[in-house]
Amino acid sequence: MSENEKRGFTRRNFVKGSFAGAAVAASALGASSMFGCSPAGDKKGEGSAVEANEAIAWSQCNVNCGGNCVFQWHSKDGKVQYMETDNTGDDDFQARACLRGRSMRRWLNSPDRLLYPMKRVGKRGEGKFEQISWDEAISTIADKLKYTIETYGNEAIYVNYATGMHSTTGKQPGLRLLSLLGGYVNQGYDYSTHMLSAAMPYMYGSSANLDKDGNHVTLGKPATAFSCYDAVNASSFSEAEANSDLVVMFGNSPAETRMGGANAVWDFARVREAVTGRGGKIVNIDYRMNETASGHPDEWLPIRPGTDAALVAGIAHEWIANGQVNKEFLDKYTVGYDDDTMPESAKGQNKSYKDYIMGTGYDMVEKTPEWAATITQIPVDTIRQLASDLAAAKAPFVCQGWGPQRHTNGEDTTRAICMLPILLGQIGLPGTNTGQREAEPPVYLVGSLPSKNPVKTTIPVYQWVNAVDHGHEMTATNAGIMGAEKLQSDFKFIWNYAGNCLTNQHDDINHTHDILVDESKCEFILVWDTVMTDSAKYADILLPDAMRSEQLNMQTQGYSEWYTGVTVGGPAQEAPGECRSSYDVCADIADKFGKKDEFTEGRTHDDWVKYLYEQGREAHPEMPTWDEIREQGVYKAKLEPVIGLKDFRDDPEGHPLATPSGKIEIYSEALAGLNDTWELAEDEHINPIPVFTPGFQGYGSTTDEYPLYCTGFHHKSRTHSSYGFIPELEQVARQQLWINPADAAPRGIANGDMLAVKSPAGEIRIEAKVTPRIIPGTVGIPQGAWHKADMSGDRIDEGGCVNTLTTYKPTPLAKGNGPAHSMIVQVAKA
Ligand SMILES: Nc1nc2c(c(=O)[nH]1)N[C@H]1C(S)=C(S)[C@@H](COP(=O)(O)OP(=O)(O)OC[C@H]3O[C@@H](n4cnc5c(=O)[nH]c(N)nc54)[C@H](O)[C@@H]3O)O[C@H]1N2
Ligand SMILES: Nc1nc2c(c(=O)[nH]1)N[C@H]1C(S)=C(S)[C@@H](COP(=O)(O)OP(=O)(O)OC[C@H]3O[C@@H](n4cnc5c(=O)[nH]c(N)nc54)[C@H](O)[C@@H]3O)O[C@H]1N2
Ligand code: SF4
Ligand SMILES: [Mo]
């Protein structure tokens, strides 16, 4: 049972305040069945005012920021008119949509919607298409699948990382179809937490490391944490709210990345109020004053990006020098702090964490606060003060967002941050956290369309471009392949549903372009989207998807410690043009293989939604009945808060961690083993202890040609590239490069100037935001802007997409997307 599954939740079923207009016929969209409606109360929190002829259809925001906040569509004459969000129940517990979600009408009704199936007519990537019939599209896809499987085997099929549609029946029909046809190569990890998810299990363990009998199966092998690791072993924000006197956040900005009512921004607002209200402090360590620290300048501690592990080392030095580490805790609960608890294989060899910090370790450098100050740009006195504040705190709550780990040294950084609570023994106690992100449990109340992929081979998700280029050379030890010793084939067929990671969201667009345009490599690319994205331009067949609000839809989840829920509703209006649901299309493709019955099991799309809901209700009997949820649209459940590793703290023998030793592994013998056995390049190391390493294009790598560091961040006006084409959102939070006045002045750059930004990988144009809210020497670019370049000409990206500047170079352990946040650049007026 995972941590998530263990978490209890209590019923918050706001039947009273929630209602839908007419119960919408679940199947075909019929205006008459949709638009009868019942009158409603107009008091806030007690439903909505509904005009005559108006109908309400529930839905949710399905993009990837985790909230799946609630939509309440008001439609008239078959067209959505406006949106209200969740207004049911208690004001404190409403899954309200943010500004992006509330602009969904502009997306649904956008003139840019894809309306027909299309086939490529120009060169791949050129973006030239011609309308075709659904029959032709389905036959072509079926023929290409047959050909690929017969010629290269199922391991030549890859479903690309794609997160734009979180729904029970969005991407899953494709996975179900491909599974019935013999399968496809799986992906391990994700673009969000790649380095963290690979590294953290070596320190704190992961239930994914246990076989079905609970035996540890990964000693000396790569950890197989296939999913993101965020909710495992961490404490809820409400623990900080209730009991902490010092909250230290590394690269974590809930005001930007956890917006909306079903996300953690509100939880954090209450933390700030409670902690500062009792005289405590919030410290936000970030290279820029993010929106969470904005308005609270005393909370911002600027740091050079990619150097958090050096800050931690400087603090550790201070504590060791002052006798402030909790040696009793370290001896009982951890492995590898000093020689007393080193494993036999490494004892007496100066390989412990303490050796590393005090200058007797492998590099013989003492990690003094002075050493750390040079690297981090944080003044020595400030480092000492933070060390002293943390040591004096009764209940320090240390957490990290995923910005720090999305660097080329992310595997070390993410574990290093956890060393702060570990060294103090401030783990598993009220008000403390393990150093990971705050717990934000995705507790799924309903499942997705089922499928069972017969193929076991799995690649670290970021490796897909290499697998297209030279998959047959990739092995467990040179490329991190999991579930098999090697890849059987290069990827020849790419299935890309609701993702922009073919180019826009994947590092080094210019490099990926060159690989994808070579049709002798990947022979067929299928893309399904709703608008013409940069990735869509690489499609051989491009399919127009019906959006969730245009069909019966259902999704659970939420990224808040209070919220899990299910929204069921729709359609709010008919899909435009010839858009179809992915389920129906996949059923038709299955038919070409004589597998339609196996695919559908006799159910329509809407039958499946109802079936999945009822399955969920069997597991959670407190959920409303199907008829009730169709009426009320949303069901919410409150989650119980957790303290990360409390069981282990209370009883380390009774509740050992899923690491080889059962303890927190500061020194990991398994990682040392990988460093010895994996094929690594000269500049790559897998470090058994969480050390500071600069990483590729990290600290110390700037040159005369590229004298500035550059990093990205997730931006308010988009969810990645989703919503990125909606001008009203762009006006709210513009695509601008953040640059400190100290770097702008010598370059003659003023606010609003158009800039040319060059990295070793490419060049973009972007507007300047000259601001003291960013540390000097580093510039910052919001990720997710739409790439816009003449790829057969100068390749200069007028759209300002950060992935024109990033380099494709998988990290040593995770083989992950560390370069997403590690860049060196030059900036000049364009
Ligand atoms: N508005 C919005 N919300 C989103 C998303 C979105 O695109 N837009 N995306 C969603 C998804 S899928 C994800 S994975 C999450 C991402 O959530 P995160 O990964 O946590 O978000 P980031 O903005 O990448 O990074 C968080 C912060 O880390 C800072 N940072 C970057 N590098 C460093 C560093 O080296 N050290 C320190 N101390 N700080 C650093 C950044 O400035 C930023 O403020 O957000 C989700 N929420
Ligand atoms: N340099 C850099 N790169 C990054 C990051 C970074 O921080 N820095 N962040 C990374 C992270 S954490 C992530 S999660 C990825 C996200 O990258 P992606 O998974 O590509 O996410 P989006 O850019 O939101 O693209 C989702 C796509 O889904 C489409 N879509 C939305 N709704 C529907 C629908 O109903 N049907 C269909 N068929 N399509 C739909 C949208 O139009 C959009 O094209 O980006 C990663 N890339
Ligand atoms: S917070 Fe995220 S899920 Fe919620 S409405 Fe905004 S973009 Fe959608
Ligand atoms: Mo992500």
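Student: Which residues touch the most other members of the largest nonpolar core?

Tutor: They are Tyr 204, Leu 390 and Ile 422, in a core of 63 residues. A nonpolar core is a set of buried Ala, Val, Leu, Ile, Met, Phe, Trp, Tyr and Cys residues joined through side-chain atoms within 4.5 Å. Please note that this is a predicted model, in which local features need pLDDT of at least 70 and side-chain atom pairs pLDDT 80 or more, while totals for chains, interfaces and linings use all residues. Residues are numbered from 1 along each chain as its sequence is written, and side-chain values use heavy atoms, without hydrogens and water.

Student: Why is the pair of Trp 107 and Phe 725 called edge-to-face?

Tutor: Rings of Phe, Tyr and Trp (its six-membered ring) pair if their centres lie within 6.5 Å; planes under 30 degrees apart count as stacked, over 60 as edge-to-face and the rest as tilted. Here the centres are 5.7 Å apart and the planes stand at 85°, so the pair is edge-to-face.

Student: What makes Trp 608 buried?

Tutor: Buried means under 20% relative accessible area, exposed over 50%, partly exposed in between (1.4 Å probe, protein chains only). Trp 608 has a relative accessible area of 1%, so it is buried.

Student: How do you know that the rings of Trp 608 and Tyr 611 are edge-to-face?

Tutor: Their centres lie 5.4 Å apart and their planes are at 90°, so this pair too is edge-to-face.

Key:
Chains lettered and ligands numbered in written order.
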